[in-house]
Amino acid sequence: MWSSLGFIIGTTLMYSTPLIYTALGGVISENSGVVNIGLEGMMTIGAFVGAAVGFYTGNPWIAFLAAGLASGFLALFHAIAAVSFGADQVVSGIAINFLGPGIALFVSRLFFEGATNTKPIPLENKMPRPLNGLFPQNSFFDMILNQYATVFMAFALVAIVWYLLYKTKLGLRIRAVGEHPRAADTLGVSVYKIRYLCVVLSGVFAGFGGASLSLAVVSNFRPTLISGHGFIALAAMIFGKWKPQGAMWACLLFGVSNGLVVYLGRPGAPFQISQQLLSMIPYVLTLIILTGFVGRASAPAASGTPYEKDER
Amino acid sequence: MKDKGLKEKILHFILNGNFGFTLVSIILGLAVGAIILQITGFNAFEAYKIMIQGVFSRPNYIAWTIVRSTPIIITGLSVAFAFKTGLFNIGAEGQFIIGAITAAAVGYFVKLPAVLHIPLVILAAITAAGFWGAIAGYLKAKFGVHEVISTIMLNWIALYLNNYIVRIEGFRRPLNERSYAIQQSASIVVLEEWKRSEAGRAWLLNHEFWRDVFRTPLNLGIVFAIVLAIIVWFILNKTTLGYELKAVGYNKHAAEYGGINVSKSMLVSMSIAGALAGLAGALHVMGDSKSIASLAAMEGYGFDGIAVALIGGNTPLGVLLGGLLFGGLKYGGSKIQPTLGAPSEVISIVIGTIVFFIAMPKLIKMVMKLTTKNRGAKNVE
């Protein structure tokens, strides 16, 4: 009983992690008033760069940072379009979703002898597990807490983003820019600078999300690795009402259903359910919950609208 | 004089209309692709030559391009239709899958003569996928659930439903992750039986052009796509329904004040968008794949449709052309890998860049203003 529970909680945490990073990216971008539907593409670049740099340097931390930087760089293009050129943010995000995987696979073929799968990172060069060996193997706490470092960092990042948004001057400015850019501008807040910062940060976070998949959950990049995680993170962000803690809970919901799928799908599970039907549950559940329990949530007021300084 | 007026009109249309933006975006996209190829040590000129030859140099290449373009033209129409009515249909992907599942099942289990079978398969797929689309419309109208999030969820549900149905005993091909192929009577491949028959093969032996064409699963899908483009244009521009749907898309509150039932409009709009994407899936099964397979990841027909709709400026004619361009780039682009060793993913970068520039009419307007100003200055001299 305890070991089953431990197993489910453990897998939940592992599967939620990439989503949490990416959803936080969505939170920070949308709170500043820029819709970021390009999370999927940014995550893909992060996953690839993480795996590739991890393979060549052998250092997971450098790889993790590089993933964030690369994704942040891609996000910069979204920022240029959305902030400086008043682009339709959804359209520019869609463009990012073509560019991200396109660039990742293109570069992968150049560096890995024409293959779109990067070479696997040896076990000792993957993300470390800081609490490894602290608890007896396969004990309850071992299963829950013996996680990759990326898992702990994700939850720390939730707290950091929450603190940043709600307890700091910068956070107040970010939210002001997202709710009423003109008012913020009148008070001397640079709408453009704040939005650039937030969009690039959202890319960095999404890159971390991708790398937490390719450096920890698995040990290489492949074309189908991200396939939709970015969109689920986007949904989780909306589900979580554009708040970091809300997004985290939504990601955990997706994670727990994933954990259940793995648990019930393994040989020797207490009862047999079709894995395909089981896999649908998180998505069905989300739809049901959205209709009733959560109620109507609304995005930051200025989310999606470009801001032009000289507009009258 | 009159002639000149027309010429100027056309020039004006190209330079100032959406068409001009799109054209400039496409050129910029191709240029970025060329630069990337050149930087990474491939001959960009050679690569584009191979792509163009890979699409046009043989009849069967052209046929393949058409076959590949068909599904994304129709999902593009679905997305464009929803866009025009103020909804963002990310769900074309899932609606496509639902249409494909339905077509594969009705195409395999039902046995009817082709005249009845084909319409039945289409009707079933449209109904199922229309219903699938309507779920998102209903959730938005009734509960205010954003269609972007509900359709993302519905995409995944559709994917797993597909994987579940493919594995059902009696439908699954033994030792395979695929369903059985549809009956011959549900196929829309042109002259499929004839080209395999004795007489057909004998005739084709003497007609090189057609022999080459018929090596592909050239099918009626493209005819459907053209007819659908016309229907979408007609609904949007010539009917009260289209007027109402567009009014809701333009300004929900004004439309409601004007007496339009906004909830119903959302439901209808998403049903039609769903039916379109589902039909794309059905035609793909009936004309190309013939069965459905277990999916490890999204296939991208719906997402490509989004790009096609954007490239096409959300107009039916634009979508038709955009779909052919996208299909051609993808099919032609796949040929630079074996011949040049250049990654064919450069096409995704080109498409992404095109869409990226389409997102920024302001930038392109600035660039075009600069060039027209220069031209004006020259004329003065």
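Biologist: What makes residues 21-41 of chain B count as helix or strand, and how far apart are the end C-alpha atoms?

Modeller: Helices (H or I, at least four residues) and strands (E, at least two) are DSSP runs, numbered from the N terminus, and over residues 21-41 of chain B the chain is 90% helix and 0% strand, with the end C-alpha atoms 30 Å apart. This is a predicted model, in which local features need pLDDT of at least 70 and side-chain atom pairs count only at pLDDT 80 or more, while totals for chains, interfaces and linings use all residues. Residues are numbered from 1 along each chain as its sequence is written, and chains are lettered from A and ligands numbered from 1 in the order in which they are written.

Biologist: Which feature does UniProt place at residues 21-41 and 116-139 of chain B?

Modeller: The unreviewed UniProt entry places the feature "transmembrane region" there, among other stretches of chain B, although such annotations may be inferred rather than shown by experiment, with shortened feature names and positions in the numbering used here. Residues 116-139 of chain B are 100% helix and 0% strand, and their end C-alpha atoms lie 35 Å apart.

Biologist: Why is α4(B) called roughly parallel to α11(B)?

Modeller: The axes of α4 (residues 59-84) and α11 (residues 221-238) of chain B cross at roughly 15 degrees and come within 9 Å, where axes are lines fitted to C-alpha atoms, for helices over the stretch in contact, and angles run from 0 to 180 degrees between N-to-C directions. Angles under 35 degrees count as roughly parallel, over 145 as roughly antiparallel, 65 to 115 as roughly perpendicular and the rest as oblique, so α4(B) is roughly parallel to α11(B).

Biologist: Which residues make the contact between these helices, and how do they divide by class?

Modeller: Two residues are in contact if their C-beta atoms, placed from the backbone, lie within 7 Å, and those making this contact include I66(B) and F81(B) of α4(B) and A225(B) and V232(B) of α11(B). The residues of this contact divide into 11 nonpolar, 2 polar and 1 charged, where Ala, Val, Leu, Ile, Met, Phe, Trp, Tyr, Cys and Pro count as nonpolar, Asp, Glu, Lys and Arg as charged, and the others, Gly among them, as polar.

Biologist: How many residues of chain A are in contact with chain B, and which helix gives the most?

Modeller: In chain A, 40 residues are in contact with 39 residues of chain B, and α4(A) gives the most to that side of chain A, with 14 residues. By class, this side of chain A has 25 nonpolar, 12 polar and 3 charged residues.
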